[in-house]
Amino acid sequence: MAPFVSAVAAVFVLHPAAQAGTIVSGGVTLSYRQDVARGLVLESVGDALEPAAFTLPDADLWELELREVATGDVVRITPSESAFDFAIVERPSDLVATWSDVQSDLLPEAETFTVVVRARALDDEPIVTLEVEVTTSTASFSLYAIRFPRVDVLSRGTPASQVLTFPYVGGWLLPDPIHNPAVTSGLGIPFVHPGSLSMQWMAYYDSSEADPALVFLGTRDATGHYKETILGRVAGDDGTPNGMSFTLRQVPEDNLAADGDYSSAFSFVIGVLRGDWYDAARFYRSWATKQPWAAKGPMRDSADFSPRIRDAEMFAAFGQATGPSDLDYWARDLEDQRDYFGVGAIPSFVYGWYDGQFDTNWGDWFPIIPEFVTSGLAVAEQGDPFAPYVIQLAYGTAIPSWADSYVPGYEGTPVEPWVVLDEQGERVYEPDSAGNPSGRLCQAAPFARDYTTHVADRLRAEAGAGGIYLDVFSFAASQLCYDTSHGHAIGGGDYWTQGKIDLVQSLRDSQRASDPDFFVYSEAENEMFLGVTELTYAHNTGDTTEGLLELAPIFQTVYHDYQIAGTVAPVLVPGALVDPLPLLARRTWSARLFFGHAPWAGSVLSPTSLADQMAAYPSYAEALEMVQRTMAVLSQPEVHAQVALGERLRDPPTDAPHVPPALGDTFFPYGMDQPVVYASAWRDPDTCGMGILLQNWTDDVDPLGDVAGGERTVSTTIDPSAYDLPTGPYAITLWTEEGPEEEGLADLSEPWDLVAVVPERSSRFVLLTAADDRCAPQNGGDDAGPDSGAEPDASQPDASTSGTDAAAGEPDAGSPPDASIGGTDAGTDASTPTVGDAGLDEAGEGSQDAGGRDAGPARDGPGSEGGCGCRTHGSAPAGGLWIGLLVLLFAVRTNTSRVRS
């Protein structure tokens, strides 16, 4: 790459005195200062409302790691510890800064290097991109790594209400990050992308503000280069923590060779948005869905996406994770569940197909045990596709095929040459769960590809597998390999990620030659593999820990319509004698639906397998009935298109009361206390509108403390601007177990109050569809991101991610009685009829959204949803519109509607 300086007519300033400047464009302002000691210092970053919304204290912008070729020792050099000549080229929207002839006491006197940094504000986005170029003249040192940029951000507001949005697998919200032990214990520890970081962005803000300014940090790497994010803390002069430090560590290719050079293969971005984590996620989506991993399109549009996964209504797990399984119940349970839950084929993930202990002696897969062949062929024959467990990231050294491979093309040769080689020239080994050493296979080498394909070949041909499960594959961090015989670059680069993508694509191509719908399944979400894996489960997301870690559907907000996610965790345990367990199972099962995970079945959710438990404990039967009722709603095609395949939108605020978790519970969206009715919002872009899923997991006998379980009336306010819905009339359709019911029209010319009755242990889905053909893209494109300069709508709840909003979802105090649709309203206005309405919720229980968080402010103008860009779906039959027009007269007057059960 040519030096950045050559791109702009230069005005050079050598050894400048303190001199300030700004980069302004696209709604972002980045302020900087020339500094004698550091060359260039970033001072603040802001938006149109606050040009200096976040203070960036003095810090070295870069740090080089140089490795002595002879000894392997690494030295770290920053500008403030060096001597250099400095020059800067400035324009209103960009700059180029050059540190030339950099000398350090840590290097021989004759050895120097040059660093060039370019910063550029984009015209159409509220971010500044940063890139680096390094050229060395260091005969005895290699350019080992570059820490760039190093960005320190002082805290804004009150530390206790600050939030760090962190894309660890499914997504974390870390409260009070500068004091949070969950963060501080990880300070200085690199988080790798691609790896445990499923996406390449973070956001930091004070959730107590009405319309928070959040600093957005990330990278725009389209091909998956090895990179590390390192968190740190900023401390004041007295040592008190007062901010966060973010460092990106980049590793060049061939980083052991002397006189190494490096030029950024991707940009780092920094900017300021308005809103909360949801707005940041939607902003990221506007870029991410245009990248190579999303090129095949979302599930609903991709011809490459296996219909076995796209069309499935439930998913399952079978077998024992401890060793060979007795799977004679497998086909029976699947047939049993398809009938009981009223669904089609159930894809399953299965353990126990080989004669060995789980998680030991990886590679020792064959022969497939006869019992599995018999059961697998029977399951395939009845139309239920399955994916056997395989881990192909490592290979056991204690098995015969370690020295004598069974993989075609490698027979009679050892596996060892295909193991990762580290920078000292040593092979990399790791123990399996029994302590046996295993070689870590290089995923960019041809053996890993051919080995994985061979295992899939045999499972499909011999046992009828319709897919394969690659354990840990998506979650496993990228590696650095230095074996030149593997056919890839050595050191840093994107070869590891691209090797894994090629591995899966090759496997899919080979299997689809015989089975066109073959699918690949893996552990944990990661954006880089969206185009080649249809299904993941979020095993590595973690669990909510009060005050330290909150789970949020961050990955689902960005990518829900591109991949199915779920869990293999049992929801009921046959043989358990603790009667409250089904209560926990009902809540956890419902919480995962709210999160965006697919409905789960399996041997632990089978009426036949649980017959004894259901006979002894009626609550087991009630748990299965809840799943049955919910699936009767979710399996209807119009609902499936929204909830399974659509975009996950902002959580609608509701007045559902929250209850503390029961003993033994683990999975909590957001905070620990959970709502008795989960409310989530979804959109199928082929439908001009949105849908709301309401899931009541309680029973009227549940021990919920001061809150009564059972049937619940829930209210929520839908602001069209928060979902970027074109204003006007919308047809309301309510889905129950029996099917759709027309509920008239709602006027979404302004925020609209929905009141719905949700029976105990059941779901309701409410779809709002434009009642005419007015839908068209509202802002010239999909997912354009939040309007960085928009003022919040004063009528909206705040964007806090902590605490409660007592007004969220409640009708205005001065509004007329509800414009209810038919029937009798026993709890509000006796003269206003409704059907199936059990009355409003208990007074004084507060008002929170489905995750214990406010819905956040509306985004004025082009919003975070990026425009409807859809067509009228016609979900509500036209015959109901005449009655609906009469109802609209009430809706216009009161802007409140009630849907019945």
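Q: Which residues of α6 are buried in this predicted model?
A: In this predicted model, the buried residues of α6 are Phe 447, Ala 448, Tyr 451, Thr 452, Thr 453, His 454, Val 455, Ala 456, Leu 459, Arg 460 and Ala 463. The elements that cover them include α5, β23 (386-390), β24 (394-396), β27 (467-470) and α7 (495-512).

Q: How do you know that the span of α6 is close to the one expected?
A: Helix α6 has 18 residues, and the distance from its first C-alpha to its last is 26 Å. The expected span is 1.5 Å times one less than the number of residues, and for α6 this comes to 26 Å, to which the computed reach is close. Just after the helix comes Gly 464, with a positive phi of about 85°.

Q: Why are α5 and α6 called roughly perpendicular?
A: Helix α5 (residues 370-381) packs against helix α6 (residues 446-463) at an angle of about 70°, and their axes lie 8 Å apart. Angles of 65 to 115 degrees count as roughly perpendicular, and the pair is therefore placed in that class.

Q: What makes the contact between α5 and α6, and how do its residues divide into nonpolar, polar and charged?
A: From α5 the contact takes Phe 372, Val 373, Gly 376 and Leu 377, while α6 supplies Leu 459, Glu 462 and Ala 463. These residues divide into five nonpolar, one polar and one charged; Gly counts among the polar residues and Glu among the charged ones.

Q: Why is Ser 438 called buried?
A: Ser 438, which lies in strand β26 (residues 437-440), has a relative accessibility of 0%. Buried means under 20%, so Ser 438 counts as buried. Leaving aside neighbours within four places in sequence, its contacts are Trp 362, Ala 394, Tyr 395, Gly 396, Thr 397, Val 428, Tyr 429, Glu 430 and Asp 432.

Q: Why does Gly 344 count as partly exposed?
A: Gly 344 belongs to the loop between α4 and β22, and its relative accessibility is 33%. Since buried means under 20% and exposed over 50%, with partly exposed in between, Gly 344 counts as partly exposed. Not counting residues up to four places away in sequence, Gly 344 touches Glu 313 and Arg 338. Gly 344 and Met 314 are 30 residues apart in sequence, while their C-alpha atoms are 8.2 Å apart in space.

Q: What covers the buried residues of α4, and which residues are they?
A: In α4, the buried residues are Trp 330, Ala 331, Asp 333, Leu 334, Asp 336, Gln 337, Arg 338 and Phe 341. What covers them includes β21 (316-318), β22 (348-350), α5, β23 and α11 (618-634). The helix (residues 330-341) has twelve residues and reaches 16 Å from its first C-alpha to its last, close to the expected 16 Å. Gly 342, which follows α4, has a positive phi near 65°.

Q: What is the mean pLDDT of the protein chain, and where is the pLDDT below 50?
A: The mean pLDDT of the protein chain is 83, and 81% of its residues reach 70 or more. The pLDDT is below 50 over residues 1-17, a stretch that has 40 contacts in the model beyond near neighbours in sequence. Over residues 777-898 the pLDDT is also below 50, and that stretch has 326 contacts beyond near neighbours in sequence. Where pLDDT is low, the predicted coordinates should not be read in detail.

Conventions:
Residues numbered from 1 in each chain as written. Predicted model: local features only at pLDDT ≥ 70, side-chain atom pairs only at ≥ 80, totals over all residues. Heavy atoms only, no water. Axes fitted to C-alpha atoms, helices over the stretch in contact; angles between N-to-C directions. Helix = DSSP H or I, 4+ residues; strand = E, 2+ residues; numbered from the N terminus. Parallel < 35°, antiparallel > 145°, perpendicular 65-115°, else oblique. Contact = heavy atoms within 4.5 Å. pLDDT = per-residue confidence, 0-100. Buried < 20%, exposed > 50% of the residue type's maximum accessible area, 1.4 Å probe, protein only.
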